[in-house]
Amino acid sequence: MFSSGCIYNETQDVSENRDTGMHSSIDETLDSELSGLSSDSNSVNYTQTLKTTQVLEIDNGYSIKILEINKQSENIRVSFRKDGNEYNTRILVLNKKYNVKDTNGENVIYSISVAKIADNSFTVDISYTIYPAIFLETGKYEGKNNEIDVRINSDNINRIYRWEYDNTEFSVEYKYDTESYDLYSQRIRNRDFSHFVNDPYDDDLISMITEQITGLAEEKGYSREEIPYIVMAFVQSLPYVSDSVSAGYDEYPRFPFETLYHGGGDCEDSSILLASLLYDMGYGVALVEFPGHMGIGVKGAEALEGSYYNYSGVRYYYLETTNTGWEVGVVPNEYINLEATVQPLPKPYPQLMVIFSGNARGNGYVTYADLEIAVTNVGSATAEDVVIYTTIESKTENMIWDELRTDTDSDLDVDETVVYTVTGLSVPEGESYRVGIWALGANAETEYVYSDWAVA
């Protein structure tokens, strides 16, 4: 889950394009309201047949759900969704192409059209093209480090961040509640990195930042295509702050709220923050981990120059996040020949963590196990219908001495914990056994933990 630390260098040595699992390659993207749109010959089009109520997963957490199909009126009604949550519904007319924007109404994420409606109104063919991908070649802007004005009151901290892009100054402002920060400091760190990026408690803050930057960019005359680069410059301008300085020890990944609250972070923190901002804007993002370091990959068009990682046919162009002056597609020399792990961001999902303690008691014939089991959802989405199975396992294959299942299924919100007490699970005296616990949900992968072997 965690990388082995961050390696930070003041120097800005940049590498030539190499072929080390990465590759080097400007495309054009569409820009219009949700309305009729002409086709783009440079785009790859996909078609899928769907039934009523079926969901089509598009990209980067976006999807559509078919609500109604009407052959007679030659239209369908659909629900536009992000991370499983509806944010708009529309009626789409047969053979008309539409651009669909993100939840903020700023960036075009994909275009869709109704290609065919079955005579019985039971199925519909949906054609779609995925956007956006970065495609601009930008200069190397070695902006000054972020200047942060801080005003501290008894219950909140107000921060104003100032940075430069293309010799133009930008600034955003946010007021942080100190009590909220205290709550963040108590949250579990042992979770997949993607959950830090997709943390639901950061959603309002992240959307506010992207909306402020988008508004400022448009006021200053920048095109929508340059907005992601302005966001990148913002994060790169934040000062490097090591985990040991701000958290007291190394390997302490932070949620975006915490990085912004501190006004900086190490490579993990800045990568998580930038990935969260770009993901909110609808861009395809991946976390790129090297031994001892992390950056991000940004989905880019095929003709874009620079170094990238190919993951399932998608090009993720590398971006360094820990200092200003790094262009998209440039990997620092010290990492260019190292093996990297590329993790595209999935839509939010639950992740269960199980901790248990207990003791054994016997009467000379039978040993009984009494346990207290805590299951916590350390993911980024609610875990549905969580069930806990507790077993006393035998060393004989496919045999157990005793077992118990929770009476009811529970939903667990993000960071919520349920405590389950088990008493009286038995094993014959003198037999070998260990405790095994499974926690699973309707939408959560199974988490299995077990004790050491013991003799009753």
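A residue is taken as buried when its relative accessible area is under 20%, as exposed over 50%, and as partly exposed in between, with a 1.4 Å probe and protein chains only. Serine 194, at 1% relative accessibility, therefore counts as buried. This serine is placed in helix α2, where helices (H or I, at least four residues) and strands (E, at least two) are DSSP runs numbered from the N terminus. Apart from neighbours within four places in sequence, serine 194 is in contact (heavy atoms within 4.5 Å) with Leu287, Gln343, Leu345, Pro346 and Tyr349.

The model is predicted: local features need pLDDT of at least 70 and side-chain atom pairs count only at pLDDT 80 or more, whereas totals for chains, interfaces and linings use all residues. Residues are numbered from 1 along each chain as its sequence is written, and side-chain values use heavy atoms, with hydrogens and water left out. For the protein chain, pLDDT (the predictor's confidence in each residue, from 0 to 100) averages 85, and 86% of the residues score at least 70. The pLDDT is below 50 over residues 7–20, a stretch with 36 contacts in the model beyond near neighbours in sequence. It is also below 50 over residues 244–249, for which 9 such contacts are found.

Helix packing comes next. Two packed helices are described by the angle between their axes and the distance between the axes. Here axes are lines fitted to C-alpha atoms, for helices over the stretch in contact, and angles run from 0 to 180 degrees between N-to-C directions.

Helix α3 (residues 203–219) packs against helix α4 (residues 227–237) at an angle of about 120°, the axes lying 10 Å apart. This makes α3 oblique to α4, given that angles under 35 degrees count as roughly parallel, over 145 as roughly antiparallel, 65 to 115 as roughly perpendicular and the rest as oblique. On the α3 side the contact is made by Ile209, Ile213, Thr214 and Ala217, and on the α4 side by Ile227, Ile230, Val231 and Phe234.

Helix α3 also meets helix α7 (residues 267–280); their axes come within 9 Å and cross at roughly 70°, which means that α3 is roughly perpendicular to α7. In this contact, Ile206, Ser207, Ile209 and Thr210 of α3 meet Leu273, Ser276, Leu277 and Asp280 of α7.
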